[in-house]
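Trainee: I'd like to learn how to read a protein model by its helices, cores and holes. Could you walk me through one?

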Amino acid sequence: MGLISNRDKEHYVDPVTGDQLSVMPAVPKAMMFDLTNGCNHACYFCNNPHQQRKISRMPRDLGFRVMREAHEAGVEEIGFYNTGDPFVSTDLEIFVKEADTIGYGYIYLTTNGALATPERARKVIDAGLDSIKFSINAGSRESYRTVHGKDDWDKVIAHLEWISEYRKTLDRPFYLAISFVQTKLTEAGAEAFKAKYAPLVDEIIIYDCHDQVGQMTGTEELLAANHLPLRNERFTGICSSPFKRVHMTSEGYMTLCCVEYENYAAVEDLRDMSFMEAWHSPRFQDARKKHIDGNLKGSICDGCWFGNKGAFEPINPELATNADFGKTLTQQVDLARDRLQAHQK
């Protein structure tokens, strides 16, 4: 679909938030930057274990160039996570140090914490990290094993306690938090978990299980917290992701979204163009215009934002995995059901 003449500079208003939106928005302050899409855990509410996309790792030369160009363009904060766990990357502390050297004002990440040993965590924090959020999605060792697929509860809590103490020795602020995705199995213990571990951290954030970009509806039906209706009625307004934050995959693709695993939302390959060429590319403008117009039919975004489960194609076919989404959905449901049944025995 071609863009209307001069439309690239016309602003639109989100009817819910009142925000000004444009097909050529200013560069956002924040960028999520995946070093790898690999993860050492297999949470039963997450699409990561079922992705058909190959595991990749951000090359240093490409990553460093993109970080420099992004910062020069106006990005001030960088988060080293998207679809994988950052500690899976052996280059994590190297990228954190480079981001600090470039001049990013805030450097952060989210991790399950199992690989955040004192030795690794110290290196990453000392390299210039400003924030770690542990993703701990259960309140006991038994339910943790069911949710995460690994018996790492004791290890993760020990790592959390170590970082909580180590940050007291720093001569600068360091933010430590926990996120907790509650499901039917874990919601009863969420508040008790929050009370127990609140003294170690600055914040504990309780999230509800959802169907990640519309691709985990079957799992959502099994796992959604009891107080939640299934999300037959989707969001209103306009998704802010294509406008308000930069998202980079571990292959080096600029994408619309932080929770899409097969690169069906990937827009441009930064191995072939600069940061600003990608951010304002005709393909990115077209994708934003479809969001502004509410015309997402045929894209993966339609199932996420409006709940429409029709067929969809990737934004840039050259970047996407040729994924069998029916197979993925079956695997997701089978894994969640098997974990729940094993937990009940």
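Predicted model: local features only at pLDDT ≥ 70, side-chain atom pairs only at ≥ 80, totals over all residues.

Trainee: Which residues of helix α3 are buried?

Mentor: The general idea goes like this. An α-helix has 3.6 residues a turn, so residues three or four places apart point the same way. As for terms, buried means under 20% relative accessible area, exposed over 50%, and partly exposed in between, using a 1.4 Å probe and protein chains only. Helices (H or I, at least four residues) and strands (E, at least two) are DSSP runs, numbered from the N terminus. Here, α3 spans residues 118-126, and its buried residues are R120, A121, V124 and I125. Seen down the axis, they fall within an arc of 125 degrees, so they line one face of α3. That arc is taken from the directions from the helix axis to the C-beta atoms.

Trainee: And what covers the buried residues of α3?

Mentor: The cover includes α2 (92-102), β5, β6 and α5; contact here means heavy atoms within 4.5 Å. Just after α3, G128 takes a positive phi of about 130 degrees.

Trainee: Let me try α6. Which of its residues are buried, and which are exposed?

Mentor: In α6 (residues 190-197), A190, F193 and Y197 are buried. Their arc around the axis is only 60 degrees, which puts them on the same side of α6. E191, A192, A195 and K196 are exposed on the other side. The buried residues of α6 pack against α5 (153-166), β7 (175-182) and β8 (203-208).

Trainee: What about the nonpolar core, how many residues does the largest one have?

Mentor: In soluble globular proteins, nonpolar side chains tend to be buried together. A nonpolar core is a set of buried Ala, Val, Leu, Ile, Met, Phe, Trp, Tyr and Cys residues joined through side-chain atoms within 4.5 Å. In this model the largest has 92 residues, and F33 and F80 have the most contacts inside it. The element that gives the most to this core is α5, with 6 residues. Apart from it lies another core of 5 residues, including L21, V23, I238 and I292.

Trainee: What does F80 touch?

Mentor: Leaving aside neighbours within four places in sequence, F80 is in contact with F33, L35, M67, P86, L92, F95, V96, A99, I107, Y108 and L109.

Trainee: Now the holes. What separates a pocket from a cavity?

Mentor: Both are found on a 1 Å grid over the protein atoms alone: in a cavity a 1.4 Å probe fits but cannot get out, while a pocket is an open set with protein on both sides within 12 Å along at least five of seven lines. Lining residues have an atom within 4 Å of a point. Grid points are joined across faces, edges and corners, and a volume is the space filled by probe spheres set on the points. The largest pocket here has a volume of about 1200 Å³. Its lining has 50 residues, with N82, H210, Q212, C258 and V259 nearest its centre. Among the elements giving two or more residues to that lining are β3 (30-33), α8 (241-244) and α11 (300-305).

Trainee: How many cavities are there of 30 Å³ or more?

Mentor: The structure holds 2 of them. The largest has about 60 Å³ of space, and its lining includes D34, R53, N82 and N263.

Trainee: Is N263 buried or exposed?

Mentor: N263 counts as buried, at 2% relative accessibility. N263 sits in the loop between β10 (253-255) and β11 (266-269), and has a positive phi of about 65 degrees although it is not a glycine. Not counting residues up to four places away in sequence, N263 touches R53, T249, E251, Y253, L319 and A320.

Trainee: And where does F235 lie?

Mentor: F235 lies in the loop between α7 (217-223) and α8. F235 is partly exposed, with a relative accessible area of 34%. Setting aside residues up to four places away in sequence, F235 touches C304 and W305.

Conventions: Residues numbered from 1 in each chain as written. Heavy atoms only, no water.
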